[in-house]
Amino acid sequence: MSKFKIKTDDEILSNAQSGDNAQMDIAIKKYRQFVELIALKYSDSPLEYEDIIQEGMIGLLAAIKSYDSSKGAAFTTYAKICIENSIQTALRKFTRQKDIPLQNVIEYLEEEIPAQNGSDSAEDIVIAQESVSLLTKVLRENLSEFENEVLRLHIIGCSYNEIAKRLCKTPKAIDNALQRVRKKLIGISL
């Protein structure tokens with residue numbers, strides 16, 4: 001006969017909620033496949049499958065920490081709701097329109113590029129206009145409205161302090177935005 005008593009789900013969850021890391025690990029391992037099964041429903045989403053699982057695991061952790069068996073619901077029912085909510089929240093954040101810059105914000109770039117002294121051929125002008133249009137499109141698709149505005153002001157020669165003052169931000173926020181812009185643009189090929 002074994003010295004160890006097999007714990008029920010309620011005991012494991014209760015111990016995990018009380019800070020028993022070993023029981024938390026057991027609960028996570030036990031329900032990981034449950035998370036993966038739920039994540040399969042979202043396999044056609046714009047998020048990578050592994051990212052969906054990660055979000056589901058965040059929902060599982062929330063469920064483990066907040067589950068109350070006295071409310072009458074089975075843990076799996078409660079966990080399913082928490083996992084799906086976590087995944088759906090991540091999908092909403094990923095697809096939200098807030099971070100897509102407005103078209104007129106980036107079009108200032110075209111207006112503020114200094115005109116040449118007339119020595120360019122018509123072909124050079126068309127190629128330059130196409131390049132600016134392509135760059136405008138890439139910036140619109142990859143940068144937030146704030147990042148576009150910071151970049152625009154930086155391109156026309158404003159200092160970090162001037163940009164910060166115009167946008168009511170700190171110079172550090174401006175520096176952070178420009179660092180993000182650089183990172184985003186490094187991987188983009190025109």
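This is a predicted model: local features need pLDDT of at least 70, side-chain atom pairs count only at pLDDT 80 or more; totals for chains, interfaces and linings use all residues.

A residue counts as buried when its relative accessible area is under 20%, and as exposed when that area is over 50%. With a relative accessible area of 18%, Ser45 is therefore buried.

**Loop residues**

- Ser45 belongs to the loop that lies between α2 and α3, the latter spanning residues 49–66.
- Setting aside residues up to four places away in sequence, Ser45 touches Ile52 and Leu91.
- Cys168 is located in the loop between α9 (160–167) and α10 (171–186).
- Because its relative accessibility is 70%, Cys168 counts as exposed.
- The phi angle of Cys168 is near 55°, which is a positive value in a residue other than glycine.

**Packing of helices α1 and α2**

- Helix α1 covers residues 9–17 and helix α2 covers residues 21–40; the two pack at an angle of about 130°, and their axes are 8 Å apart.
- The helices α1 and α2 are therefore oblique to each other.
- The crossing in which α1 passes α2 is left-handed.
- On the α1 side, the contact involves Asp9, Ile12, Leu13, Asn15 and Ala16; on the α2 side, it involves Gln23, Met24, Ile26, Ala27, Lys30 and Tyr31.

Terms used
Residues are numbered from 1 along each chain as its sequence is written. Side-chain values use heavy atoms; hydrogens and water are left out. Axes are lines fitted to C-alpha atoms, for helices over the stretch in contact, and angles run from 0 to 180 degrees between N-to-C directions. Helices (H or I, at least four residues) and strands (E, at least two) are DSSP runs, numbered from the N terminus. Angles under 35 degrees count as roughly parallel, over 145 as roughly antiparallel, 65 to 115 as roughly perpendicular and the rest as oblique. A crossing is left-handed if the near helix is turned anticlockwise from the far one by less than a right angle, and right-handed if clockwise. Contact means heavy atoms within 4.5 Å. Buried means under 20% relative accessible area, exposed over 50%, partly exposed in between (1.4 Å probe, protein chains only).
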